[in-house]
Amino acid sequence: MATFFGEVVVAPSRAGVDDEESAEEAREETPEDREIRRELEKKREIDVLWTLKSGASTESSADEPFVCSRFIVAIGHNAAAFLSSFILDSVSWEVVGVVKLWNEWCRTSNTTNVLPTDSFCLFYRLISDPTVLLCQCSCYVAEDQQFQWLEKVFGCMRKEGLQVTILSTCPVADYKTQESTLTLPSPFLKALKTKEFKEQVCCPLLEQPNIVRDLPAA
Amino acid sequence: LLQPAVSVGNVGQLATDLVISTLNMTKVGYFYTDCLVPMVGNNPYATAEENSMELSINAEVYSLPSKRLVVLQIRSPFIKNKYRPFCQTLLSWVKSSKCARVVLLSSSHAYQRDDEQLLGTPLRYLLTPDLQKAVGGLMQELNWKEMEKVAAYPGINDTEKVLHIPGGGITKLLFTESCSKGIQMAVLLKFCSEGDNIPDAFALVNYLNEWLQLIRSEVNTSSQWKIPSSWRLLFGNGLPPALF
C-alpha cells in the first residue's frame with residue numbers, strides 16, 4: 001500500500017497470517033526443518049516444579065492433583081509487587097513451586113530467593129491453611145506458552161471447590177471510555193467474574209468494549 | 001455453519017457480529033483452543049444491565065434453531081504456526097457434527113486487485129464443487145461474481161491459474177481443504193483496506209442476506225442490522241478537554 005509520502009510499504013494486516021508465512025508453510029518440511037522446529041519448541045517448553053514437604057523437588061506430572069480451595073495469581077510486576085508488599089511474608093507463607101521458562105523477552109531466575117527486579121514465577125502456600133495457594137508471576141509468558149502454562153499449573157490441582165482470583169494491571173491509556181483517560185482518577189479497579197462466582201465483587205465490572213488479553217485472559 | 005476468517009479489516013468478524021446481534025442468537029458453547037491469542041471480556045452483545053455480565057472469550061458458538069443456523073465467532077488472531085492445526089480441528093468438527101454447509105465470511109486486500117477487478121462490485125463468492133452442484137444456479141440468478149483466479153507465474157506463464165486471496169487469512173486454506181474433503185463450503189468476500197471497516201461489514205452482511213435471507217430485505221437494509229454495544233469507541237476515547 002502507498003503511504004501519504006508516496007512510498008510503497010507492506011502494511012501489516014489484521015489477518016494475522018502473512019502471505020510469506022503461509023508460503024513458507026506450503027513448502028515441504030525437511031527433516032532438518034523438523035529438527036529445528038522441535039528444538040525451538042523444546043526451548044519454549046514450560047516446566048512446573050513443585051517442592052514437596054520433604055524439600056525434594058519433583059516433576060509436576062508425578063504428583064497426585066493436590067487439594068486447593070483458593071488460588072490467587074498475580075500476573076505482572078505491579079501485581080507481584082502488591083503481593084510482596086502487602087500479603088507475603090516468610091512467617092505465614094512458604095515457597096512450594098516454581099515455573100521455569102524462556103522466551104525472547106525473559107528467562108526466569110533459577111533461585112527461589114528472588115529480587116523484585118528479577119523475572120520469576122513462584123508458588124507459595126499459606127502455612128496455616130495449605131489449601132490456599134498463591135502465584136507471583138512477574139515474567140512475561142509468550143502467546144504460544146500461555147496455554148501450556150495454564151494446563152500445566154491447573155493440571156496439578158483439584159478443581160472442585162476451587163476459587164481463583166487473578167490480579168493484573170493494564171495501562172490506563174488502554175482503557176476505552178467516553179471521556180478522555182487524562183481526566184480519569186487513576187489507578188482504579190475493574191473486575192471480570194464468571195457466572196459461578198457468587199460472592200460480592202469489591203469494585204465495578206469491566207465495561208464493554210474493554211477486554212483482557214494474554215495470560216490473565218487464558 | 002456461518003463463520004468469519006480473521007482477515008483484512010476484520011470484515012468477516014464484524015459482519016458475523018452483526019448477524020449474532022441482529023438475530024439475538026444464543027451462545028451455546030465455545031472452543032477451548034490453544035491456537036488463538038487468549039482474550040476475555042464482558043458480553044459484547046449486551047443490551048441492558050441484566051445481560052451485560054456474561055463473560056465472552058475468543059472463539060464462541062451461537063445458534064438459532066428456527067433458521068437451523070450455527071455461528072462461530074472468532075475474536076483474536078492466530079498464534080504463530082497454529083492456524084493449520086486450527087483449520088484441521090475446525091473441519092473435523094464440521095464433519096463430525098454433520099454440518100450441512102459452511103459459509104465463510106472473509107475479505108481481501110483491495111490494493112491487490114487487477115484493472116478489471118477495480119471496476120464493478122467489490123464482492124465475490126467461491127463455492128466448493130459439492131456446493132456448486134446445489135447452489136451454482138442460484139448464484140447465476142443473483143448475478144454474483146465468482147472470485148477470479150490469478151496466474152501462478154505472472155509475466156512468465158499466464159496459462160496456469162491459481163486461487164490467490166491476499167489478506168484473507170485462513171480463507172484459502174479452509175477452502176482448498178474443504179474442496180478435497182468434500183465439504184459444502186461457500187466463501188463470501190469483499191475487497192477492502194484497513195480503516196473504518198463498518199461500511200464493509202454492512203456490505204458483506206447484505207451480500208450474505210441476498211442468498212440466505214436471514215432478515216427481510218427492504219429498501220434501506222443498513223438500518224435493519226443491529227450494531228452490538230461492543231462496537232462503541234472503535235477509534236479511541238473521548239478527547240481531553242485540555243486540548244482546547
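1. Start at the interface. Across the interface of chain B and chain A, the rule finds 0 salt bridges. Polar contacts do occur there: 3 residue pairs qualify, with both residues at pLDDT 80 or more. Keep in mind throughout that this is a predicted model.

2. How many residues of chain B are in contact with chain A? The count is 41 residues of chain B, in contact with 42 residues of chain A. The size of an interface is often given as the accessible area lost when the parts come together. Here chain B and chain A bury about 3500 Å² between them. Carbon and sulfur atoms account for 57% of that area.

3. Which three residues supply more than any other three to the area that chain B buries against chain A? They are B:Pro38, B:Tyr83 and B:Asn237, and they supply 15% of it.

4. Now take the elements. On the side of chain B that touches chain A, β3 and α2 (83–96) of chain B give two or more residues. The most comes from β3(B), with 4 residues.

5. Strand β3(B) also belongs to a sheet with strands from both chains. The sheet is open and has 3 strands, in the order β8(A)-β3(B)-β4(B). Its pairing is antiparallel. Strands of a sheet pair through backbone hydrogen bonds, either parallel or antiparallel. Why is one side of β8 (211–213) of chain A and of β4 (55–57) of chain B left without a neighbour in the sheet? Both stand at the edges, each with a single partner strand, so one side of each has no neighbour there. From one strand to the next, the twist averages 25°.

6. Within chain B, strand β3 (residues 39–42) and β4(B) pair in the antiparallel sense over 3 bridges. For a point to find in the view, look at B:Gly41, which stands opposite B:Ser56 in β4(B).

7. Next, confidence. The predictor gives the complex an ipTM of 0.76 and a pTM of 0.83. Chain B has a mean pLDDT of 87, with 97% of its residues at 70 or more. For chain A the mean is 78, and 78% of its residues reach 70 or more.

Methods: Residues numbered from 1 in each chain as written. Chains lettered and ligands numbered in written order. Predicted model: local features only at pLDDT ≥ 70, side-chain atom pairs only at ≥ 80, totals over all residues. Heavy atoms only, no water. Pairing = 2+ DSSP bridges. Axes fitted to C-alpha atoms, helices over the stretch in contact; angles between N-to-C directions. pLDDT = per-residue confidence, 0-100. Contact = heavy atoms within 4.5 Å. Buried area = accessible area lost by both parts, 1.4 Å probe. Salt bridge = Lys/Arg side-chain N within 4 Å of Asp/Glu carboxyl O. Polar contact = N/O pair within 3.5 Å; in protein donor to acceptor, adjacent residues only side chain to side chain.
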